[in-house]
Every structure is written in C-alpha cells, then in structure tokens.
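This report describes a model with more than one part. Please look at the sequence and the structure before reading on.

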Amino acid sequence: MNIKAMQKKWLAIGAEVEETGYAKTGYDFNLNVAADNVHPLAELMLAEGFYLVFVTAVHALPAIEVVYQFAHTGSSRCRVIARTAVRADGTVPTISDVYQGANWHEREARDFYGVVFAGHPNLVPLILAEEDVDLKPLLKEEKNLKDVSALRHLPAGAEPEVKTATAAAKKEPAATDKKAAQPQASN
Amino acid sequence: MNVDVLEDERQHHFVLNMGPQHPSTHGVLRVLLKMEGEYVLDPQPVLGYVHRCHEKIGECKPARSFMPNTARMDYLGALIYNQGYAMLLERAAGIEVPKRAEYIRVITSELNRIQSHLLWYGAYLLDLGAFTPIMYAFDDREHILDALEDVCGSRLTYCYCRVGGVCKDIDDKFIERARAFIERLRGRFPMYENLINGNVIVQKRMKSVGNYTPELCARYGVTGPLLRATGVAYDLRKAEPYSVYSEFDFEVPTEQTGDAWAAFNVRYREIEQSLRIIEQALDKLPEGEVMADKVPKKLRLPQGDYNCSVEAPRGELSYYLVSDGSDVPYRIKVRTPSYSNLSVVPEVCKGMMIADVVTSMGALDLVIPEIDR
C-alpha cells in the first residue's frame with residue numbers, strides 16, 4: 001500500500017486528512033468525513049485491504065461523533081481513525097454491508113448512545129437486554145458534556161495546561177484553511 | 001414411515017438453544033441454532049450475559065484506577081490487558097518506562113500467553129471429546145500460575161502493571177522457576193505431539209472445518225491466530241513493535257488452509273515462540289529500577305484521543321481513550337479480539353453439522369467476559 005496515494009484517495013472522497021504522529025497518539029491518520037461520505041470511505045478502505053478495528057461513538061457537542069478505526073495488515077504500518085458527526089436526525093449510514101464486522105459494533109453503539117445506523121439490517125439490542133432499548137447508558141449528563149474542540153489534540157507547541165477556550169481560538173485559523181480547500185466535513 | 005412429515009418443512013426445521021450454560025461455549029455465551037436435522041442453517045450468537053459496564057465505569061474514576069478492570073475482561077490474558085492499558089496511559093502522559101520494567105512486562109505477558117494457550121489446548125480437545133489432554137495442559141499451566149502468583153500476588157486476575165512500570169520486581173526464585181518451566185515445557189512437546197497433534201482422529205475432526213480467507217478476516221476484523229491461519233503473518237508484536245519486542249528474535253507462525261486445524265497449529269506453535277522470547281528476555285534482563293520516578297499522583301492526560309493496540313492471546317486488543325485534559329477519561333473504548341472473531345460465526349458456521357460448529361467455535365478460543373465487557 002502506498003501511503004501517499006492513499007492520502008490522495010481519502011481527499012478525493014471529501015475527507016479532511018491529518019497526520020497525527022504514531023508515537024504521540026497511537027495512530028497514523030485522522031480523517032474527518034461527512035456522514036454522507038462514510039459509506040464510500042468504507043468501500044475504499046476495504047478495497048485497499050484495511051480491516052475494521054472498531055466502530056464506536058463519543059457523546060460531545062454539537063453532535064454525537066461516530067468513530068471508526070481501520071488498520072492495515074501489510075508490511076507498512078497504517079492505523080487510521082475516521083470520525084463523523086451524526087446528522088441532525090441522529091442517523092449515520094451503516095457500513096455493515098461493506099464490513100460485515102461492523103454489524104455488531106453498530107448495534108453496540110446504538111445500545112450505548114442511540115445512534116441510528118441507517119440501512120442496518122438488524123438494529124436491535126446486542127449487549128443490553130431487549131427491555132433496555134431506550135437506556136443509552138453512555139450518554140453524558142448535560143453538565144459533563146464537552147465541545148468536540150476540547151477533545152482534540154492541541155497543536156504542537158501549545159502548553160497542555162492552556163484552558164480550552166484559548167486552545168480553540170488558537171486552532172481556529174488552521175481549521176479554516178483546511179475547510180477552504182475541502183468541502184465542509186460535517187454539520 | 002410418515003412421508004408427509006419429511007416433506008413438510010415446518011416439521012423438521014427447529015431452533016436449538018446452545019448455552020448460555022453449555023459446556024462447549026466456555027462461559028455464558030448463548031447461540032441460537034436454526035437447524036434442519038443435523039445441519040445448522042443459521043447460527044446467531046446472543047451476547048450480553050456478562051456485561052459489566054466496564055466502559056461506563058472507566059468514565060467515572062481516575063484513569064489509573066481502571067487498571068484492575070482490564071484484568072476482568074480477559075481473565076486468561078490479564079497481564080497483556082494490564083500492559084496495554086499501562087502503555088496507553090504512558091503514551092498519553094508521556095511517561096518513560098525503565099528498561100527492566102519493560103523486560104519484566106514482556107516475560108510475564110508471554111508466560112500469561114502460554115498459560116492461555118495451554119488452557120485453550122486442553123479445553124478445546126475436551127470439547128472434541130478427548131478427556132486426557134486437559135489434565136496434562138493444566139499440569140503445565142499450574143507451574144506458570146505458581147510462578148506468577150509469587151510476583152503478582154494473584155493467579156488469574158492480575159493487576160501487576162502500573163503507570164510507569166510494574167508494582168514489584170522479580171527475584172532470582174522467579175527467574176529460576178521461569179527457566180525451569182521453559183525446559184520442562186520443551187520436554188513435554190514431543191509428548192503432546194504424539195498424543196494429540198499426530199492423532200488421526202483429532203486431525204479428521206479439525207481439517208476442512210471453517211474456511212477463513214484473508215478477505216473474510218478483513219471484512220469482520222478477525223485478528224490473531226485465526227488470521228495467521230489464513231497465511232497472513234500479522235502479529236502486532238512485529239507489525240507495530242511495542243515495548244521491547246523489537247529486541248527479540250522470534251517468528252510469527254502461519255498456516256495456509258484457514259480451517260480449524262490451521263488455527264490449532266498456529267496456536268500450538270506460538271507457545272514455542274513465546275518460550276523463545278522469555279528465554280532471550282531472561283538472558284538480557286537489565287538491572288535497575290522497575291518504576292519510573294516522578295509519576296504524578298494525579299495523572300492528567302493532555303486533551304485529545306489516544307490509541308494503544310497490543311497482541312492479546314486471541315488477537316488485537318485496542319484501547320481507545322478520549323481525554324478532555326483531566327485525570328478522568330472522557331470516553332474509553334476497549335476493542336477486544338473475541339468480539340470481532342465471534343461475529344464471523346453466522347457466516348462461517350452456516351451449513352455445518354452441529355458437531356462441527358463446536359469444532360469451529362472452539363478454534364476461536366472465546367473468552368466471553370471480554371466479548372460482553
């Protein structure tokens with residue numbers, strides 16, 4: 001697998017690509033994709049020989065974020081995290097028709113967060129009992145909810161102790177540059 | 001003979017409930033098998049019997065207090081789960097681990113891997129109807145448990161790793177025991193091979209059961225010995241060399257056929273590779289501290305998300321942690337290998353005889369608490 005070519009393919013399906021530094025974060029690339037592009041991304045990853053590590057969700061503001069992790073079994077290490085915000089109606093397209101292993105991961109994310117994976121063949125409780133269908137135990141209370149910008153890595157050089165407000169302000173210019181080059185990634 | 005009964009589909013289709021207390025599901029796994037006679041039309045695992053909300057618990061207390069929980073997920077690979085979690089926090093907080101501690105982690109983790117494989121070896125053959133092997137396997141496994149009990153303080157759900165190292169140094173007695181065990185187990189291999197691996201009945205039970213391919217494994221996220229049984233030499237100890245694994249000379253055993261027999265052989269051969277790693281680590285064991293100094297009491301993790309993947313006995317274990325900058329994780333996700341490995345059952349076991357479903361699921365080496373978490 002050619003990593004340079006791979007980056008171009010990710011950009012071509014409308015993903016924001018960011019190198020994260022394996023030593024610091026434990027994965028190589030971070031992709032921000034719009035919910036509509038999740039399915040093409042999954043098709044691309046499977047065609048390139050990536051396997052699905054997990055699908056999960058993170059409850060943050062402004063919307064629940066669905067996180068996918070892929071890794072490659074080839075000789076050069078490539079571990080990728082892709083993330084998308086759920087749409088306003090609480091749905092994200094399923095990838096269980098591409099990666100059948102996502103079937104259970106998506107059911108688990110629905111159990112814990114209530115994310116609806118549109119097109120999923122059997123979105124019923126898996127880990128939780130049937131009567132707990134509306135429990136959604138991992139949703140956070142409002143006072144504990146954080147904005148997604150407070151859960152991102154600070155740019156290199158920024159002090160880890162910096163409060164989130166200033167960190168978000170620092171991040172702003174870089175983020176807008178990227179958005180200008182790429183279509184808006186999420187709502 | 002009543003021909004009407006045979007011709008009416010409703011009369012010979014039935015649902016067979018295997019588990020949650022079935023001996024060959026090793027714990028509380030339940031599988032609903034839609035049957036036609038002896039043949040399985042649609043096997044559907046039913047999960048959640050031992051769900052203990054580990055991920056929710058992880059969000060409610062300081063990150064380092066989650067360490068004992070990791071051992072309760074995979075009780076057979078507890079030290080490897082410990083190690084992965086300690087490495088995750090060290091990566092997030094930027095803590096350097098002393099060399100000696102890394103070596104001790106590798107030695108104890110590999111011993112843990114061997115005892116997990118030995119238990120699987122005995123229990124799997126028990127599922128297939130051979131009663132004796134589990135006695136031999138447990139006899140060998142006992143030596144590991146005794147040695148680990150001396151340093152870790154427990155026999156199953158270890159909590160030995162700490163952020164920055166391990167809680168107790170190993171002593172000469174442990175080193176002696178580990179060396180004696182390596183010699184002992186190597187002496188036992190010919191016996192195992194004569195008794196089991198060369199046994200034609202065992203081979204006939206396992207060969208051609210399950211047809212895993214690299215493509216199928218990618219679609220389901222199957223990792224570990226099952227993936228290696230399809231010819232893909234993917235082992236995170238080599239692919240993403242963590243800790244000090246890059247300093248040891250060992251091989252990644254693979255097989256080509258992708259059936260239960262291939263998975264059986266991969267696991268069996270991995271025991272020898274783990275012995276090689278332990279042997280080299282004991283030879284090269286450096287002197288020094290086993291804990292990093294200056295590990296803060298309140299361990300703040302810089303904001304952002306962190307991932308740490310290690311090779312557990314059953315495949316890839318990934319911890320994924322999202323931090324908001326405090327010492328309590330905002331989100332912690334544990335990706336356990338058996339979860340993805342079990343999800344292939346509806347596809348792989350479709351159309352098998354019911355006895356082969358037991359063979360096929362045994363080859364997955366399932367640990368149910370790590371599936372349900």
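In this predicted model, 41% of the 187 residues of chain A count as buried. Chain A holds five helices and seven strands. Read from the N terminus, its elements follow the pattern α-β-α-β-α-β-β-β-β-α-β-α. Of the contacts in chain A between residues at least 6 apart in sequence, 54% join residues at least 24 apart.

Chain A also touches chain B. The contact involves 33 residues from chain A and 37 residues from chain B. On the chain B side, the elements that give two or more residues are listed below.

| Element of chain B | Residues |
|---|---|
| helix H3 | 54–58 |
| helix H10 | 214–220 |
| strand S6 | 304–312 |
| strand S7 | 315–323 |
| strand S8 | 331–335 |
| helix H14 | 337–342 |

Which element gives the most to this side of chain B? S6(B) does, with five residues. Sorted by class, the side of chain B that touches chain A has 15 nonpolar, 13 charged and nine polar residues.

Chain B also contains an open sheet of three strands, in the order S1-S2-S3, with antiparallel pairing. Strand S1 (13–18) and strand S3 (39–46) of chain B are the edge strands, as each pairs on one side only. On average, neighbouring strands of this sheet are turned by 20° against each other, direction ignored.

Strand S2 of chain B covers residues 30–36 and is joined to S3(B) by seven bridges, the two running antiparallel. Within this sheet, Glu36(B) stands opposite Tyr39(B) in S3(B).

How values were computed: Residues numbered from 1 in each chain as written. Chains lettered and ligands numbered in written order. Predicted model: local features only at pLDDT ≥ 70, side-chain atom pairs only at ≥ 80, totals over all residues. Contact = placed C-beta atoms within 7 Å. Helix = DSSP H or I, 4+ residues; strand = E, 2+ residues; numbered from the N terminus. Nonpolar A, V, L, I, M, F, W, Y, C, P; charged D, E, K, R; others polar. Buried ≥ 20, exposed ≤ 12 C-beta atoms within 10 Å, placed from the backbone. Pairing = 2+ DSSP bridges. Axes fitted to C-alpha atoms, helices over the stretch in contact; angles between N-to-C directions.
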